2 protein chains.
Amino acid sequence: MYQDATLQEINEALNLAWNAFQVYRKLPLKQRADFMRTIAKELEELGDEVLQKAHEETHLPEARLRNERARTIFQINNYGDACERGDWLEARIDTAIPKRNPPKPDLRKMLVPLGPVVVFGAANFPFAYSTAGGDTACAFAAGCPVIVKAHPGHAGTSEMVATAILKAARICNMPDGIFAHIHGAGNEVGEALVKHPFAKAVGFTGSLLGGKQLFDWGNQRKDPIPVFAEMSSINPVFLFPEKLKHSAVEVAKLYADSITLGVGQFCTNPGLIIGIDNNDLQTFIDSLGDEVKKVPPGEMLHTGIFKNYVERRANALSQDEVETVAASEVEPLFNQGTPTLASATAQAFINNPILHQEVFGPYSIVIRCKGMDEMLEVAKHVEGQLTSTLMATENDVRNHSELVDVVRNICGRFILNGVPTGVEVCLSMQHGGPFPATTDSRFTSVGADGIKRFARPICYQNWPDELLPNELKNKNPLKIWRTVNDELRKD
Amino acid sequence: MYQDATLQEINEALNLAWNAFQVYRKLPLKQRADFMRTIAKELEELGDEVLQKAHEETHLPEARLRNERARTIFQINNYGDACERGDWLEARIDTAIPKRNPPKPDLRKMLVPLGPVVVFGAANFPFAYSTAGGDTACAFAAGCPVIVKAHPGHAGTSEMVATAILKAARICNMPDGIFAHIHGAGNEVGEALVKHPFAKAVGFTGSLLGGKQLFDWGNQRKDPIPVFAEMSSINPVFLFPEKLKHSAVEVAKLYADSITLGVGQFCTNPGLIIGIDNNDLQTFIDSLGDEVKKVPPGEMLHTGIFKNYVERRANALSQDEVETVAASEVEPLFNQGTPTLASATAQAFINNPILHQEVFGPYSIVIRCKGMDEMLEVAKHVEGQLTSTLMATENDVRNHSELVDVVRNICGRFILNGVPTGVEVCLSMQHGGPFPATTDSRFTSVGADGIKRFARPICYQNWPDELLPNELKNKNPLKIWRTVNDELRKD
């Protein structure tokens, strides 16, 4: 339906973005924030029409899409506010000591934008992690132009959102090239974008295969660039004995919802549940199985994801020592994902890498351990994750500190007695984690700290006050927090 | 003289480091800082003997080595203080809103250590960027054990410094494996270290070839790890017309010192000087040439660096349109680097990548531009740098804002009317820059912000106060700066 961009179009977009960068990076923080707020308004202005289009393309329910757009608008405004507040600039000033031998020069540091950022839209969040999503908002806040490659699964929605961004750019007199929207169903467009000399960073949310490919392209450049890819996570949940003894049924109900929410199409879907093989766990498995059976299959985002789910689910269920505990009692139609619960022994999990792979959809596997020692063994075999969850009493936590430490060390977000689905947009959120959850655990893709993915520090040495950027001038005209001679202050 | 470590020894060191990590990462910030201060003390305790050894191995003058050790001690103490102050933790708290629909959970984030860090000692700083240098200090501050691969050019010095660190570790009851010291003259040891599953980050200062190799190894792992390599920089200096009109001779004197300081063996050595081809530039070149002639050749760090200097210098001087302006009048002995000044046209520079390469030693080339437009063209062809310098009046800066912007965008530290040599150790320092200056321009290897290279954020969701780390408890027992509901506070 949409034509893949040609190499010439890509080149034009990047050249324009590079020119826009020279202007945009010098605009005051407030102007960047106002631009972002205008995007948020224009997104609202798209009305129900864009929800309708998104529903047609992704099969997500309208209510969910309405919420997701609201969240996207909140996100843009939140990062815009953070941009203007300026804490993220990490402004530091060390004043000169001319009498020292040798004299100490005046040194002032702040973050500056990297340059044009290429953003790849996510299949599962047509608004919040796509065209005007978190990566785009972070890049604009940092001072970077953005080139979005639309996700082919919702290219029409993406086109409408792009129109809103371009309208906001016109209203705010942004330079030509501040934003570009490109289609590309194959790999060629992505490769050309990531390898273009004027692309200076990449944001991506999607599969391990896709993200790792972009990461490799970014590193294979003559000048490697940072590629932040949020990729693969099975979000382990550890069921501790005391907790399970008291609330096996409640935990099962909670998790039935979390596993099947949105047909399981969340990067924080709990795909791995680890417990001690005893009567309490059996009660949990039985209850969870009963709940899962009751949930009807739901239509998935697109046929690629559906086929992938069918294949990976079948493959996981066919492994030695894996049994199917429960599946939805309703027969699925084409493109529908069937809620499924499996189980396996700890040894099966430890020895079989296939059971570590994400099965993207409403699927989870319960791992039965012989005791806490084996649960620790399992934890040591789990790769990097966006989240880990403990279902545990305070006693459980205190009595098993080694296990708690191991579980914490594999994740970006560490949840106690909750579910991993549901990602708050706030400064304290960490949406990232050790590989393969992301390509760089030192950054987040949710929350205003995500701005820092697209910025780098620059130090001004020996500049007179009047030639310094406002962020670093003596009088602190922007009233931002700065560390002056090792002390944080705002005056 | 020293045996290369065997694969078994490397494996043992990393296994021990991994075990030490489980203990060390949980120690209070104060205990980490005390350990670092004890290292600083033990470094002092090594007395003149280690200076003598370093002099024998590197041929650096004793006074310089004494200063460098003092700087190293200052650095360790400074990062130790920063570790304890805790600003680097980026603690953020968003409190729960139970009444919201859906309820907002309590979320608290802080940086935690990545794991064992492999540090490669630098040839040119036997103390400040080697065994107990900036990378090691940053890693310890972050909460990471360290495995140092000694630089073969000063392996004996490294051995002595390692002894001091191990003694400090014993005094402070640090876990076994908190620090390991490994020798390896060939590539095999480095490769085994970077590819070991328990290595979680790498710090390196050295050549482009070496740093890029480590970066590639780090990225080729099953789980890629961050490799921060500080590599190659020719530190361009732009001579603006009004400035040069008034002070060509003074600027020349200043730069003669900077180019030949320490036989030019600094990563911030000004290897590229760009001016407008007029009488003022001729005066500058003549004066600089006269000064360079007077500086005698100096003994270089080791024969590898010497041979490399001889080859690269000869290669640069033999390029079309490059002329030798001046060389030291004193005949060099074996292993001595000859101070050298060359010059070339802007077109020669633009068209010949060899003139962009670092000639590590007391060498610099002046590029003659036909006018400011051509100077801008040259600037656009300069790759990423640790530093860029403008020698310019305020008028010069104001009149050539496009050029100023381009020059700023290629560097990590942006100097006005000074020399790039001399790197302050303070929070506002940025020692890093776009590739090939480093592998990741978003981090610094000098100043306490360098700690962040080896740490990642983790978010605690829904944890009761008594189970949270002290850094995130409600009462803020450590009195660190934290962003609470978007507001920085310390109470």
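**Exercise 1.** Is Glu84(B) buried, partly exposed or exposed?

*Solution.* Start with the rule: buried is under 20% relative accessible area, exposed is over 50%, and partly exposed is in between (1.4 Å probe, protein chains only). Glu84(B) has 29% relative accessibility, so it counts as partly exposed. A quick word on the ground rules: this is a predicted model, where local features need pLDDT of at least 70 and side-chain atom pairs count only at pLDDT 80 or more, while totals for chains, interfaces and linings use all residues. Residues are numbered from 1 along each chain as its sequence is written, chains are lettered from A and ligands numbered from 1 in the order in which they are written, and side-chain values use heavy atoms, with hydrogens and water left out.

**Exercise 2.** Find the salt-bridge partner of Glu84(B) and say what the pair ties together.

*Solution.* First, the idea: side chains of opposite charge can pair when their charged atoms come close. The cut-off for a salt bridge is a side-chain nitrogen of Lys or Arg within 4 Å of a carboxyl oxygen of Asp or Glu. Next, the partner: Glu84(B) meets Arg37(B), at 2.7 Å from N to O. Now place them. Arg37(B) lies in helix α2 (residues 29-45) of chain B and Glu84(B) in helix α4 (residues 62-85) of chain B, so the pair ties together parts that are 47 residues apart in sequence. (Helices, H or I with at least four residues, and strands, E with at least two, are DSSP runs numbered from the N terminus.) Last, Arg37(B) has 23% relative accessibility, so it is partly exposed.

Over in chain A, Lys30(A), Asp34(A), Arg37(A), Asp81(A) and Glu84(A) are linked in a network of salt bridges.

**Exercise 3.** Work out whether the salt bridge of Asp106(A) and Arg108(A) joins buried or exposed residues.

*Solution.* Check the pair: their side chains meet at 2.7 Å, N to O. Then check each end. Asp106(A) has a relative accessible area of 13%, so it is buried. Arg108(A) comes in at 4%, and counts as buried too. Over all chains, the structure holds 68 salt bridges.

**Exercise 4.** Decide how the rings of Trp18(A) and Phe198(A) are arranged.

*Solution.* A pair of aromatic rings is described by the distance of the centres and the angle of the planes. Rings of Phe, Tyr and Trp (its six-membered ring) pair if their centres lie within 6.5 Å; planes under 30 degrees apart are stacked, over 60 edge-to-face, and the rest tilted. That rule gives 28 aromatic pairs over all chains. For this one, the centres are 4.7 Å apart and the planes at 5°, so the pair is stacked. It links distant parts of the chain: Trp18(A) is in helix α1 (residues 7-24) of chain A, and Phe198(A) is in the loop between α7 (187-195) and β6 (201-205) of chain A, 180 residues apart. Trp18(A) is buried at 18%, whereas Phe198(A) is partly exposed at 25%.

Now chain B. The rings of Trp18(B) and Phe21(B) have centres 5.5 Å apart and planes at 45°, so that pair is tilted. Both residues lie in helix α1 (residues 7-24) of chain B, 3 residues apart, about one turn of the helix. Phe21(B) is buried, with a relative accessible area of 0%.

**Exercise 5.** Which charged end sits over the ring of Phe21(B)?

*Solution.* The test is NZ of Lys or CZ of Arg within 6 Å of the ring centre and within 35 degrees of the ring normal. Arg25(B) is the residue, with its charged end 4.7 Å from the centre.

**Exercise 6.** Describe how chain A and chain B meet.

*Solution.* Count the residues: the contact (heavy atoms within 4.5 Å) takes 76 residues from chain A and 77 residues from chain B. Then the area: about 6,700 Å² is buried between the chains, with carbon and sulfur atoms giving 50%. (Buried area is the accessible area, 1.4 Å probe, that two parts lose on being put together, summed over both.) Finally, there are 16 salt bridges between chain A and chain B. One to look up is Arg100(A) with Glu424(B), at 2.4 Å from N to O.
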